[in-house]
Amino acid sequence: GLEAGYPAVAVVEFQNATSGAWSAGRLPDPLGALPKTALASYGVEKLPRNTRLFRDVDLAEYLDEQGLGSAFVRWRFTVPSWWSQEPETVNGELRLQVTDLGLTSHIAHNRLTVRAASLSTGRPVAGAQVSLGGPGGRRSPQPTGLDGIASFALPPGELARLAGPEADPSALEVSASKGNDRFLFRLGDAPSHDWNVGGLLDAERPQAVTYLSSDRGIYRPGE
């Protein structure tokens with residue numbers, strides 16, 4: 001995602017490409033398949049060799065009047081292989097959501113809480129509609145309160161199905177919208193999505209725990 005206060009510009013760097021092309025456009029579904037659009041050539045045969053080159057793509061024309069929304073850019077270059085100097089094709093793509101909504105999620109074994117805040121002011125966003133969706137199922141949207149928080153109860157076993165070791169990373173999507181501003185992300189895409197999930201899953205299953213302590217007295221220097 002990109003904070004709405006910054007220019008929606010993507011830059012690609014390349015060198016010694018024998019061919020290069022790009023395409024860009026509006027992205028109706030930020031997490032869906034990229035639209036199939038024709039690629040426009042960079043005309044690399046006219047560019048200098050052995051020189052780092054940069055080309056920017058301004059995505060503002062694919063956003064709404066307020067500079068919000070989702071857009072994509074796709075690149076394709078033919079470059080000499082670093083190993084054999086034989087030509088090889090390199091593809092790249094970028095999905096960009098431009099928004100003023102910043103979301104923070106917290107997960108417990110029986111509840112998922114989302115806080116929405118304005119990226120430009122840092123203040124909570126009240127009245128935003130927060131939804132849980134994805135292949136794992138959909139929940140009715142919950143409005144955020146004055147504190148910017150919306151909360152969803154998770155029935156027993158739901159956390160394991162959505163975020164456990166066997167879960168599809170795309171099983172749980174969180175989206176928030178306020179007016180024409182919308183932000184969508186998958187919890188499974190976050191680098192830390194599986195940190196400490198094991199402890200949360202264990203919390204769903206009551207188990208006996210043994211604590212062992214010594215009757216030795218307090219340690220004193222010299223002992």
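Accessible areas were computed by the Shrake-Rupley method with a 1.4 Å probe, and for residues only the protein chains shown count as cover. On this basis the chain exposes about 14000 Å², of which carbon and sulfur atoms supply 53%. The model is predicted, so local features require pLDDT of at least 70 and side-chain atom pairs pLDDT 80 or more, whereas totals for chains, interfaces and linings use all residues. Residues are numbered from 1 along each chain as its sequence is written, and side-chain values use heavy atoms, without hydrogens and water.

The chain contains 2 helices and 14 strands. Both are DSSP runs numbered from the N terminus: helices are H or I with at least four residues, strands E with at least two. Of the 223 residues, 37% are buried. Buried denotes under 20% relative accessible area, exposed over 50%, and partly exposed the range in between (1.4 Å probe, protein chains only). A contact requires heavy atoms within 4.5 Å. Among contacts between residues at least 6 apart in sequence, 61% join residues at least 24 apart.

Leu2 lies in strand S1 (residues 2–3). Its C-alpha atom is separated by 8.4 Å from that of Asp100, 98 residues away along the chain. Leaving aside residues up to four places away in sequence, Leu2 touches Pro7, Ala8, Leu96, Gln97, Val98 and Thr99.

Strand pairing was assigned where DSSP finds at least two bridges between two strands. Strand S2 (residues 9–14) runs antiparallel to strand S5 (residues 53–58), and 6 bridges join them. In S2, Ala10, Val12 and Phe14 form the covered face. Val9, Val11 and Glu13 form the uncovered one.

An open sheet is formed by 4 strands in the order S11-S10-S13-S14, with antiparallel pairing. Its edges are strand S11 (142–143) and strand S14 (181–186), each of which pairs on one side only. Strand S10 (residues 129–133) pairs with S11 over 2 bridges in the antiparallel sense. Here Val130 stands opposite Gln142. Strand S13 (residues 173–178) and S14 are antiparallel and share 6 bridges. Glu173 faces Arg186 in S14, the two standing opposite each other. The hairpin of S13 and S14 has 2 residues between the strands, and Gly179 there takes a positive phi near 65°.

Empty space was examined next. Rolling a probe the size of a water molecule over the atoms shows where such space is left. On a 1 Å grid over the protein atoms alone, a cavity is a set of points where a 1.4 Å probe fits but cannot get out; a pocket is an open set with protein on both sides within 12 Å along at least five of seven lines; lining residues have an atom within 4 Å of a point. Grid points are joined across faces, edges and corners, and a volume is the space filled by probe spheres set on the points.

The structure holds 1 cavity of 30 Å³ or more.
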